[in-house]
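User: I'm new to this one and would like to learn how to read helix packing and domain contacts. Could we go through it step by step?

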Amino acid sequence: MKRRWIAGAIGALMLALAACAPGGGASGRQEETAGKVTLSLWSWRVEDVKAYEKILAKFEDSHPNINVEFKPFQATEYNNILATGLSGTAGPDVAQLRAYGGLQPLVEAGQLLPLDDKVEALSGFDAKLLEGAKGHTDGKVYGVPFAYQTLQVLYNKKLFADNGIQPPATWDDMIAAARKLKAAGITPFAVAAGPDATWTLPIVHEIFGNARYGSTAFRDAVVGGKKKFTDPDFTASVKLIKDLEPYFPEDVVAVKIPDVQALFATGKAAMYPTGAFDLAPVLKANPSLEVGQFPVPPPPGSPVTTPVTPGWADGSFGVNAKSTHQAEALELVKWMATPEFGQLYATELKQLSAVPGVTPSDPLLAEMAKNYAGNGAPYTLLVDFRYGQPNGDAVFRDEVQKMLAGQADPESVSESVQKGVEQWFKPGN
């Protein structure tokens, strides 16, 4: 199987050249030799090349008339590159699509093929995960969900055992563990708030604060116009992050993501509040690390009294409306809705597959999936408040960084989020 890999760093330049080249783009770029069609599949996952090589080889084995060319781009550049490609003739046949608000601009531009009546297996997918692949106004499905993420605390089993600590059953247990670890010279929570890491701050807030602000009930009340982000419960959930700061790395506003991953992987930090997506990188850095996980016990005063596992649809695979090989592209996304693809995805990428019936082979991922199935909740700012500008998630992360730097307080964070989203958000829509 022959593949051509395009490095993300030169992706934009290659895209521009392809747009100018004779016969380039979705209307004629694909190589057709010996009766085979070559589909172009774009992604933002440059780190997943080897895994996708194995996964797509299985598809090609059962579809001998189709080759798939996997083209990854840098994640920070991908949105612009994809939008440019889909608007012209140099785009992919199949694209990895962002979820929720990240999908909407492509839907509004008419650049994607609706899949509702074309991929029968979509009817069996979890409705919560399908929301991430739907147009916000037309309700049509534009992609096959490939994964979902859950949020929880990873912990170092050896450090816990060495310090006589058990996974916490209550919030007070967790704080007592953090104090004990700090006294022993161990960073309790691996958290980054540096310039490259602000996007993780809403995640940290969801892990510690989802139950405190009221979880799904609060989300529904805000969407329905019955509550605002200035609600005392939401402000109290923001304050938790400031209260926990003494247990974060020193000078947390300068800490980068690789720093906290290294802290946890090397045993210098005992707990890592993060998503399922970080399990594979941590274990790659230290394969011998014994990792456990726990959903955070509800803080005092929480409207929700049982541990919550927030989660969201990570993205989907959709078909370019301008592809001249839509039949073959549909064959690929149909296959991506099968248990065969889902199991390969879960195994090769150590991720939670969105395909119904797929059980993670990794026991830790299986625990996360069980927790989400039993008491999952939406990551509110991501799921519902990324459809306009300024998006709620972006406002929140910037304001929380200011709070950790001593330049804001929980009340002003909440007020900024509310003022930001109300510029475009209309309750009930």
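User: Which residues in α10 and α17 meet?

Analyst: On the α10 side you'll find F234, V238, I241 and K242, and they meet F396, V400, M403 and L404 of α17. Of the residues in this contact, 7 are nonpolar, none are polar and 1 is charged. Contact here means heavy atoms within 4.5 Å. Nonpolar covers Ala, Val, Leu, Ile, Met, Phe, Trp, Tyr, Cys and Pro; charged covers Asp, Glu, Lys and Arg; the others, Gly among them, are polar.

Keep in mind that this is a predicted model, where local features need pLDDT of at least 70 and side-chain atom pairs need 80 or more, while totals for chains, interfaces and linings use all residues. Residues are numbered from 1 along each chain as its sequence is written, and side-chain values use heavy atoms, leaving out hydrogens and water.

User: What describes two packed helices?

Analyst: The angle between their axes and the distance between those axes. For α10 (residues 232-244) and α17 (residues 392-404), the angle is about 50° and the axes are 10 Å apart. A helix here is a DSSP run of H or I, at least four residues, numbered from the N terminus. The axes are lines fitted to C-alpha atoms over the stretch in contact, with angles from 0 to 180 degrees between N-to-C directions.

User: Are α10 and α17 parallel, antiparallel, perpendicular or oblique?

Analyst: They are oblique to each other. Under 35 degrees is roughly parallel, over 145 roughly antiparallel, 65 to 115 roughly perpendicular, and the rest oblique. Their crossing is right-handed (the near helix is turned clockwise from the far one by less than a right angle).

User: How do α17 and α18 pack?

Analyst: At about 160°, with axes 9 Å apart; α18 spans residues 410-421. That is why α17 and α18 count as roughly antiparallel. This crossing is right-handed. In α17, G392, V395, F396, E399, V400 and M403 meet P410, S412, V413, S416, V417 and V421 of α18. The residues here split into 8 nonpolar, 3 polar and 1 charged.

User: At what angle do α10 and α18 pack?

Analyst: About 125°, with their axes 8 Å apart. So α10 is oblique to α18. F234, T235, V238 and K239 of α10 make the contact with P410, E411, V413 and S414 of α18. That gives 4 nonpolar, 2 polar and 2 charged residues. The crossing of α10 and α18 is right-handed.

User: Which domains does the assignment give?

Analyst: Domain 1 is 34-147 + 313-369, and domain 2 is 149-311 + 376-422; the bounds come from an automatic or database domain assignment. Their C-alpha centres lie 29 Å apart. At the contact, 14 residues of domain 1 touch 16 of domain 2.

User: How much area do domain 1 and domain 2 bury between them?

Analyst: About 1,400 Å², with 67% of it on carbon and sulfur atoms. Of what domain 1 buries against domain 2, Y100, L364 and M368 supply 42%, more than any other three residues. Buried area is the accessible area (1.4 Å probe) lost when two parts are put together, summed over both.

User: What about the backbone: where is there a cis peptide bond?

Analyst: Between Q389 and P390, with omega about 0°. P390 sits in the loop between α16 (380-384) and α17. Look at S215 too: its phi is near 55°, a positive value in a residue other than glycine. You'll find S215 in helix α9 (residues 215-223).

Key: Helices (H or I, at least four residues) and strands (E, at least two) are DSSP runs, numbered from the N terminus.
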